[in-house]
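Welcome! Please keep the view open as you read.

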Amino acid sequence: MAINQRSQIVLSFLCYFLLIGPSHSFTDTLLQGQQLKDQDHLISADGSFKLGFFSPGTSRSRYLGIWYNVVDENKIFIAKKKEVWVANRDNPISDASGILTIDKSGKLTVLHGDNSTIPLSSVEAASNVSAELLNSGNFVLKEMNLDGSTKQILWQSFDYPTDTLLPGMKLGFDNKKMHIWSLTSWINDNNPAQGSFSLTLGMAFNTSQLVIWWKGSIYWTSGMWQSGRFELASQLSNECHPDFSFISNDGLNYFTYSLSQSENHSLSRYMIDSSGSLLEIGGMAPFGACSYKSDPGCVAQKMPDCRSQNVWFEAKKGFMSAEGQKFMESSNLSSFDCQAKCLNNCSCAAYAYSSANQTVCEIWSQGITFTEKYDETRVIYVLRGKKAKRWIWAAITFPVLMATLVACSVYYFIQRRNRMAENDAEQEILLCVLETEATDSSPTGKLNDVKRDRKKSHELNFFSFESIVSATNNFAAANKLGEGGFGPVFKGKLNDSQQQQVAVKRLSRNSGQGLAEFKNELLLIAKLQHTNLVRLIGCCIQREEKILIYEFMPNKSLDSFLFDPEKKHLLDWKKRLHIIEGIAQGLLYLHKYSRLRIIHRDLKASNILLDAEMNPKISDFGMARIFGKNESEAKTIRIIGTHGYMAPEYALKGVVSIKIDVFSFGVLLLEIVSSKKSYKDYSSEYPLNLIGLAWELWSEARGLEFMDPTLEESFSPNEVLRSIHIGLLCVQDQATDRPTMSDIVSMLTNETLDLPAPKQPAFFLDRSADEREVHRNSSENSLNSASITVVEAR
């Protein structure tokens, strides 16, 4: 009896506190002037969604978000996550001081700490503003009429998705408003900050496809939208349930889906996870699950030559004999990214990833031993390879063994004696190939004739490997200038009468590039001579060694000045304009005046070298493409280049022409003017890359705000604005609208020449943390193809 009385008392108190609690905690609407504190919530009218502050996983940081309001979490089994939207994913709150409010100007704002603010909306409204959590999961800020009807939508969460696509949300872009709808993965379950995978809608030449990007590289594509379905993801069609559709009209291009009234609207969603998979609750996904299965549309990421296709990581509990190299939370690495760092580092033998207290990725090199210990809590992923089969011989007789040893000894001495002769032969064969490919003829002439002709037409010197070792002090670390896709580059001094300083580019065995690039660069550079192209002095071909020797550039590459907070002050406006004009002259020579018509295909700041007088030199022709004099356009599905500099028709359709170099030049010009990187995000409210920023400021007659502030004491307003204008002409969406390099040189050198108004450029979502090279597969049969890193479709 006493127990029943106590139960009734407890129940009465619970009911009392529920009744006197803050009214807005159990409503779907936040009114202007009200505050939603850390422990308060909004709940949609049908109870499907809840909005409030939360801490994901083991994190102590607080985030404002929306999640499914369900008791049984098994109903939302996608990655065991309830959250569908996060407001401050990159701005966590360290304590429970967060408050959501609508201020006096009608802006939705998160307050926290000592008067710190996180603005969510920017449009102002006079009065009568409220925010409502709808049954769809959309959080809408709206201005109301006096009769209670909606006057205008000021802001809505559906316009700023995080990693989840709900029914009614859009995935695409609005050309008129320059707004992009895209999904970006969490870093891990404890950190909702922007991860390395993003899902966007690609658009070029009236064809569209979904694209998953991984740090700037194309990771998966849906194929083109044709006849109401995606080519490589046929489940996403307008004939299925849910109903998918692609809308393209009046500047709007987006993908969306809807459910019928009878279907469970509240639990349907698509989500991109931290490994790049597009997950879905109904079993129609995953898509893009390229890390663990062969999925149509996957674009294989080329591994270094040091890794075979039969390697994997085995998870074990234990410890390593020494500390490894650590990448801390500031690197924004997911577990997938950490594994990729190990795979792409040829000396890496194991890695570990932790996201409990802070995100830490640690990798260990070969030689550091792993000790298995089952009671350890730390999991270490140890690299394993497929073991070769062991053949057990029935018997090996002593005479056979001795004969083998004698044969090996004789072979060794013969090889040693003939080494110089073979190196000469390799050089002659290479010269023959160079002459053959340059003239499109077959190698029927004698090698001596080829060599004599080479001496007349080239000044290509062959160096012994020993002389290169001496010049670089055995490739000493102190002489290392840097490292690219080809391999490391060293400073050297030739042992000749002039003691000439050179840059030595050594093909790495672990390079993603190879002999094809080496041959391509030799073929081109040996036959091209221009003051704005880097000069090739010679090469070394000896056994596995493939080395290129260039003139030494004491000021290294343009990016080392342009993006360095200290060194960029050394580039005043006069120097920058000189560099822009020099690059334009170099490209004009490649496109029009050289013996070979060359499309560079990888023009970027790191491939522009600077001599002692800061004259620009275009370098790195390993990815270049040779065109015939009467050839204006070609097509490939082997996409090679760097994200952020690639023209849309090339990135999405593989169309190659001189206009893709013009696009890259335009991006580079904008980088030179602004000292900003092309692939960064320049808006806190919506994704906006460098091209988008330039267009937005130009359209609003605020072009000078785009300029690097360090130029304020040296710039000419007319020259800066004209340069931005030319840059925007180069990055127009349609290749036919872009000027040729002849036009561009005229525009730069003749200030009286009227410039046409630029059309809206191609906009791409660039949220990658670093510059990445893009490689996609091809089956080209062209002898002149410079597609180097072969990426195989899976």
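**Salt bridges across the chain**

Arg-738 and Glu-649 meet through their side chains in a salt bridge, with N and O 2.8 Å apart. The two residues come from distant parts of the chain, 89 residues apart: Arg-738 sits in the loop between α12 and α13 (741–749), and Glu-649 belongs to helix α9 (residues 648–653). Both Arg-738 and Glu-649 are buried. Please keep in mind that this is a predicted model.

- In total, the structure holds 19 salt bridges.
- Another of them pairs Arg-576 with Asp-708, whose closest N and O atoms are 3.0 Å apart.
- Arg-576 is part of helix α8 (residues 573–593), while Asp-708 lies in the loop between α11 (690–699) and α12 (717–730), so this pair ties together parts that are 132 residues apart in sequence.
- Arg-576 counts as buried, at 1% relative accessibility, and Asp-708 is buried as well, at 0%.
- Glu-314 and Lys-316 also form a salt bridge through their side chains, at 3.5 Å from N to O.
- Of these two residues, Glu-314 counts as partly exposed with 30% relative accessibility, whereas Lys-316 counts as buried with 15%.
- Through salt bridges that share partners, Glu-314, Lys-316, Glu-372 and Arg-384 are joined into one network.

**Disulfides**

- How many disulfides are there? The count comes to four.
- As a reminder, a disulfide is a covalent bond between the sulfur atoms of two cysteines.
- Cys-290 and Cys-298 are joined in one of them, with an S to S distance of 2.0 Å; both cysteines are buried.
- The link of Cys-290 and Cys-298 is left-handed, with -95° about the S-S bond.
- Cys-306 is joined to Cys-346, again by a disulfide with 2.0 Å from S to S.
- The torsion about the S-S bond of Cys-306 and Cys-346 is about -80°, so this disulfide is left-handed.
- The sulfur atoms of Cys-342 and Cys-348 are 2.0 Å apart and form a disulfide, which is left-handed with -95° about the S-S bond; both residues are buried.
- With the bonded cysteines numbered in sequence order, the pairing reads 1-2, 3-6, 4-8, 5-7.

**Cysteines to look at individually**

- Cys-539 is in no disulfide, and the nearest cysteine sulfur, that of Cys-540, is 7.5 Å away.
- Cys-539 is buried, with a relative accessible area of 0%.
- Cys-730 also counts as buried, at 0% relative accessibility.

**A four-stranded sheet**

- Four strands form an open sheet in the order β3-β4-β5-β6, and their pairing is antiparallel.
- β3 (41–43) and β6 (83–86) stand at the edges with a single partner strand each, so one side of each has no neighbour in the sheet.
- On average, neighbouring strands of this sheet are turned by 25° against each other, direction ignored.
- Three bridges connect β3 with β4 (residues 49–54) in the antiparallel sense.
- Ile-43 has Lys-50 in β4 as its bridge partner.

How values were computed: Residues numbered from 1 in each chain as written. Predicted model: local features only at pLDDT ≥ 70, side-chain atom pairs only at ≥ 80, totals over all residues. Heavy atoms only, no water. Pairing = 2+ DSSP bridges. Axes fitted to C-alpha atoms, helices over the stretch in contact; angles between N-to-C directions. Disulfide = S-S within 2.5 Å. Buried < 20%, exposed > 50% of the residue type's maximum accessible area, 1.4 Å probe, protein only. Salt bridge = Lys/Arg side-chain N within 4 Å of Asp/Glu carboxyl O.
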